[in-house]
Amino acid sequence: MKRIISLLLALALSLSLAACAAPAEKADGGKLQIVTTLFPYYDFARAIAQDRADVTLLLSPGREAHSFEPTPLDAVTISEADVFLYNGGEGEYWVESMLDAAGEHIAVASRMMDYVDALNEEYVEGMQGADGHDHDHDHEEDEHDSDEIEYDEHIWTSPKNAVVLCRAVCDAICRADAENAAFYRANCENYCAQLEDLDARFAALCESAPRRLLIFADRFPMLYFCREYGLDYRAAFHGCSGDTEPSLATIKFLIDKVEDENIPVVYTIDFGTKKVAAVVSECTGAAIETLYSMQTVSRADFDAGETYLTLMERNFEALRKGLNE
């Protein structure tokens with residue numbers, strides 16, 4: 001499947017580039033064209049560039065990030081970008097093939113995982129696959145080295161990382177449009193100040209909380225967040241798991257943990273199935289809250305203009321209930 005997708009994308013790009021051999025004047029009035037794969041980078045880019053760029057989110061709102069495969073139209077969109085911002089890692093294996101085919105036509109392509117220290121994917125006590133047998137990435141076996149380190153790719157979930165990533169986005173935009181660099185950098189610093197305030201509030205909440213343990217009856221994409229604030233966790237699945245049906249042993253482990261530790265809240269994530277959380281809640285009486293990982297957002301949230309900051313405010317309230325009640 002991976003080879004087929006790469007061939008289709010290469011074909012689409014070659015047709016697009018042939019058609020653009022004699023480019024016409026931009027219909028967008030000369031605005032910078034920015035394409036991002038994931039919502040956090042889309043949000044940072046639109047806050048920094050504002051009305052001086054058109055920012056396109058490749059992963060459409062409401063779509064599950066882990067099953068995303070680019071279409072030939074997506075390939076054309078990327079090939080016409082001035083700035084292409086992508087996360088990198090196994091989840092975006094297709095990007096390198098695309099850049100090989102059209103990278104020279106993109107002014108700036110920036111891989112966000114290059115700017116932070118990536119953490120290894122964790123398998124903790126009770127988690128499905130903690131015995132090492134739950135490696136479910138949908139790739140051909142001959143293309144996947146089982147001994148290769150699996151990095152957790154949800155790097156933006158830590159607000160401290162978000163500051164670093166926001167500045168990396170700004171640097172990429174400034175390289176593509178140096179004339180407006182002062183405007184972009186001023187907007188970036190304003191946004192980063194809000195991220196730093198958010199980070200301070202999370203740090204204060206976690207330092208004063210009587211609990212440190214979070215129970216995720218779902219996938220766990222919040223490793224960077226928990227590591228930043230010294231929180232412990234137990235979860236049904238690791239961050240990039242494709243599983244939705246845990247074993248009875250995993251469900252029993254979560255139920256016992258909630259009861260033994262008197263945990264008031266079990267967490268699900270945006271776009272989680274919530275089936276496991278419903279079972280744990282019914283058996284223990286724990287409330288269910290959602291934490292937003294923000295690889296993508298719902299169509300309703302996107303249309304309402306939600307941002308990384310506003311969704312993190314939801315996370316703050318959900319975390320407060322789990323750590324303090």
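Because the model is predicted, local features need pLDDT of at least 70 and side-chain atom pairs count only at pLDDT 80 or more, while totals for chains, interfaces and linings use all residues. Residues are numbered from 1 along each chain as its sequence is written, and side-chain values use heavy atoms, with hydrogens and water left out.

Let's begin with the sheet. Helices (H or I, at least four residues) and strands (E, at least two) are DSSP runs, numbered from the N terminus. Four strands form an open sheet in the order E2-E1-E3-E4, with parallel pairing; two strands pair if DSSP finds at least two bridges between them. At the edges sit E2 (53-57) and E4 (108-111), each pairing on one side only. On average, neighbouring strands are turned by 15° against each other, direction ignored. Look at E1 (residues 32-36) and E3 (residues 83-86): they run parallel and are joined by three bridges. Val35, for instance, has Phe84 in E3 as its bridge partner.

Now to helix H2, residues 39-49. Ten of its eleven residues are buried, so H2 is largely enclosed by the rest of the structure. Buried here means under 20% relative accessible area, with exposed over 50% and partly exposed in between (1.4 Å probe, protein chains only). Among the buried ones are Phe39, Tyr41, Tyr42 and Phe44. Just after H2, Gln50 takes a positive phi of about 50°.

Next, a pair of helices. H6 (residues 181-208) and H11 (residues 308-324) pack at an angle of about 5°, with axes 11 Å apart. That makes H6 roughly parallel to H11, a label for angles under 35 degrees, where over 145 is roughly antiparallel, 65 to 115 roughly perpendicular and the rest oblique. The axes are lines fitted to C-alpha atoms, for helices over the stretch in contact, and angles run from 0 to 180 degrees between N-to-C directions. Residues that meet here include Tyr191, Leu195 and Phe202 in H6, and Met312, Phe316 and Leu323 in H11; contact means heavy atoms within 4.5 Å.

Finally, how many disulfides does the rule give? The count comes to zero, a disulfide being a pair of cysteine sulfur atoms within 2.5 Å. The sulfur of Cys188 has its closest cysteine sulfur in Cys192, 3.9 Å away, too far for a bond. For Cys226 the closest one is in Cys206, at 8.2 Å, again too far. Cys188 is buried, with a relative accessible area of 2%, and Cys226 also counts as buried, at 2% relative accessibility.
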